[in-house]
Amino acid sequence: MGSRMMEPEEFWAFADYVGDTTSETCLSNRTISGGIFQGHSPIGYYVPLLLLQMSLASVTILLTSMVLKPLGQPLMVAQILGGILLGPSFLGRSKIIARALFPLESFLLLDVIAVLAIMFYFFLIGVYMDTWIVKKIGKKAYTIGLAAAFGSTFPPLFGFYYLYDYITDPVLLMSVGYVMRTETLFTFPIIARYLYELNILNSEFGALALSSSIVGGILSILYQIWRVNGYEIDIAAVLQYIAFMLGILFVVQPVALWLIKRNKEGYTASICSIFIAVLVSGLVGYFIGFHIAWGPFILGLAIPPGPPLGATLVDRLEIIVSWILMPIFFLKIGLAINIYVMEWSNILNVGIIIIIGCLGKSMAAFIAGLSCKLPFLDAVSLSLVVNVKGVLELTLVKIYRRKEKISNEIFVLLCTSMLITTMVITILLKAIYNPSKRYLIYNRRSIMDTKPSDELRLLVCIHREESVPSLVNILEASNHTQQSPLAAYILHLVDLIGRATPIFISHKSSMYTSSKAQVSKHILNAFEHYKENHKDTMSLSVFTAITPPAAMHDEVCKLALEKRGSLVILPFHEQRASRGSISEKSRVGSRSMNIRVLENAPCSVGILVERGLWNCSNTASSALSSWFPFRVVVLFFGGPDDREALVFGARMSGHTKVNLMVIRILTNHDEFDEKLGEIKIDDDMISTVRYNMADNDRFKYIEETVMDGSGTLRVIQSVKDDCQLIMVGRNHDRDSPATTGLAEWNQFRELGTIGDLLASPDFMSDAMILVIQQHSTHGRKFT
């Protein structure tokens with residue numbers, strides 16, 4: 001970075017704009033103000049002014065991100081745009097405001113904070129990255145990554161030679177080479193972060209994009225080193241890089257592993273030590289001649305990603321770095337961006353180079369994707385993602401500007417082009433790529449469409465070990481026999497914290513001993529024990545998905561599609577204690593997952609509301625051994641979802657320890673003609689079930705006629721103490737008198753009107769609630 005590291009390059013651009021205002025804006029030589037009541041201006045002192053600048057930057061970026069949220073723009077776009085809004089392009093256009101809020105003397109402190117921000121930001125990027133992913137790069141990723149890297153290198157060269165005779169400005173001519181180098185940069189961490197924010201990181205497309213970016217990133221780094229050393233390989237520089245990296249990896253990583261083993265629960269001392277190591281690594285790397293963020297980045301790579309240490313570091317640093325420190329970095333970027341200094345001729349010439357670089361990279365990735373037999377839309381989406389820009393590119397441009405390799409005008413052009421490029425890519429990607437389309441199937445997959453002699457396939461999702469007893473009871477009550485077997489797929493969903501890439505683990509046997517599988521150890525053992533007791537009538541497979549909460553629905557839908565499931569059982573996002581109260585152990589984060597699964601699942605979906613009573617059960621056995629009879633109630637209002645619940649209840653009634661009671665809610669009002677067909681289907685279904693249950697003395701059918709919602713509520717309250725499981729459909733006719741007045745109090749629409757009523761704390765019952773939505777081939781829109 002040179003000897004002028006602490007002399008901000010933004011100083012020169014901003015000083016040229018506001019002019020020499022030393023006499024008007026000179027800060028006091030004191031850091032703390034005595035306060036306005038003593039006649040002191042707070043913004044005339046360093047610390048109050050710094051706090052004001054930090055607050056203003058954070059609030060502006062927060063508001064910008066909220067405005068851009070409907071467009072699905074990533075945080076980086078809001079950060080750059082927020083910085084520009086505070087700079088001389090907009091708010092800082094007023095010289096009075098610029099001199100008051102951003103006096104030139106304050107830039108030194110801003111630069112110190114920005115350097116700290118970029119050090120910890122790159123450290124977090126290193127912690128997020130999983131070095132083991134390099135071993136899993138396939139041929140497709142190599143092909144696409146190589147093609148994109150070469151596609152971003154050679155087309156801009158041809159464009160430059162074509163424009164060489166038309167560029168008359170010698171400063172611009174000197175800067176074009178650095179513009180091309182910026183366009184060749186291929187940054188895996190930025191692409192990983194981008195895919196994470198768009199919730200497509202754990203898709204097959206996301207995995208391929210990540211792998212391809214690693215290949216392209218390695219080539220782009222080698223190309224940058226080659227260009228820096230005048231197209232020659234500087235062996236000494238390469239050895240310096242390698243020695244520095246090996247020194248951190250072989251010293252820090254063993255220490256980090258030792259800290260993990262030594263501190264099973266408390267990591268305060270470990271975290272403090274690592275924070276100090278971040279500062280030391282940046283300092284040592286800077287003294288050697290590297291960028292000050294290079295050492296923290298390598299240090300982050302040495303930290304084992306994910307829980308416990310990596311997750312703890314991310315949990316402690318993410319908010320502070322993203323929303324307090326990094327806004328200062330982007331504020332400094334914005335203060336240097338004055339869009340009014342750009343000339344149209346230079347915009348045209350530099351823009352052509354940038355467009356050629358982007359198109360070359362995109363076309364190469366697109367053609368390589370098609371040659372690897374990717375779907376057309378996936379190839380188009382991949383060609384867009386490879387051009388995403390972020391903090392790494394901005395940092396490189398800042399270095400060029402500081403070393404005076406590019407002019408201030410070119411600096412502004414490059415920064416604004418990165419912003420526009422990423423915004424346009426996001427809009428196009430949102431319009432083109434829709435991962436939920438792959439879950440649309442033309443054959444309905446539901447319990448109703450599964451023959452009694454066919455294998456019933458259930459995908460059971462679990463977040464917490466305490467949910468095992470409830471799920472074991474559901475499996476046992478499903479009445480799996482040799483004549484009607486059951487295939488159960490258990491999916492343990494774990495939040496992805498402290499790493500960039502998701503993990504999907506298939507526990508093919510109890511001998512799976514990978515450290516990544518330890519998080520599911522107790523759940524795996526419980527279900528394996530249950531399987532051993534019923535191995536003649538069921539098959540059971542356990543999987544673990546460590547993935548971002550916003551993308552968990554994709555893992556659920558993907559596995560349901562792959563295993564041809566008939567029903568997905570999801571846990572309700574709040575853990576209910578006994579007698580309807582809300583337990584302190586709640587999981588609000590999974591509610592969005594449930595909603596997305598309801599919208600996109602390739603089969604029927606059930607949401608299970610657990611009660612605290614079941615958590616006392618033996619996790620390895622079913623409660624049916626102690627509950628005799630195990631009473632199941634199906635509330636039938638009519639419609640496809642209630643019919644699905646009825647069929648599942650009828651299957652359960654075949655179990656010798658299950659008593660089934662079906663309560664049909666009728667109204668004495670005349671129905672509309674368009675609903676008569678649906679009512680006839682309901683009548684036929686009820687008649688079929690009653691006929692099949694004619695010899696079953698554990699089956700009971702009741703019809704209740706109600707006038708309005710209060711009558712329905714009275715019927716529901718009458719069964720709360722007489723059952724262990726209540727099943728009901730999710731969607732019901734909103735115009736039906738039976739639900740009049742009930743929908744107004746609906747808090748959780750994913751449960752439907754009746755399901756929400758049953759799950760409310762006012763419904764004082766120990767019974768589990770299973771709300772079922774039948775699969776529809778044309779998809780479901782959440783309402």
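A crossing of two helices is called right-handed if the near helix is turned clockwise from the far one by less than a right angle, and left-handed if anticlockwise. Keep that in mind as we walk through this predicted model, in which local features need pLDDT of at least 70, side-chain atom pairs count only at pLDDT 80 or more, and totals for chains, interfaces and linings use all residues. Residues are numbered from 1 along each chain as its sequence is written, and side-chain values use heavy atoms, with hydrogens and water left out.

Let us start with helices H6 (residues 107-128) and H13 (residues 294-302). Helices (H or I, at least four residues) and strands (E, at least two) are DSSP runs, numbered from the N terminus. The crossing of H6 and H13 is right-handed, with the axes 7 Å apart at an angle of about 30°. Axes are lines fitted to C-alpha atoms, for helices over the stretch in contact, and angles between N-to-C directions run from 0 to 180 degrees. H6 and H13 are therefore roughly parallel, a term for angles under 35 degrees.

The term means a side-chain nitrogen of Lys or Arg within 4 Å of a carboxyl oxygen of Asp or Glu. Lys332 lies in helix H14 (residues 309-335) and Asp111 in H6, 221 residues apart. The whole structure holds 11 salt bridges.

Now for the sheet. Its 11 strands form an open sheet with mixed pairing, in the order S3-S4-S2-S1-S5-S8-S13-S12-S9-S10-S11; two strands pair if DSSP finds at least two bridges between them. Strands S3 (503-507) and S11 (699-706) stand at the edges with a single partner strand each, so one side of each is left without a neighbour in the sheet. From one strand to the next, the twist averages 20°. Inside the sheet, S2 (residues 486-495) and S4 (residues 538-547) run parallel, joined by 10 bridges, and Val494 has Ile546 in S4 as its bridge partner.

Helix H19 (residues 468-477) packs on this sheet, touching strands including S1 (456-462), S2 and S4, and its direction makes about 175° with that of S1. H19 also meets helix H20 (residues 521-533), their axes coming within 11 Å and crossing at roughly 25°. That makes H19 roughly parallel to H20.

Definitions and conventions
Contact means heavy atoms within 4.5 Å. Angles under 35 degrees count as roughly parallel, over 145 as roughly antiparallel, 65 to 115 as roughly perpendicular and the rest as oblique.
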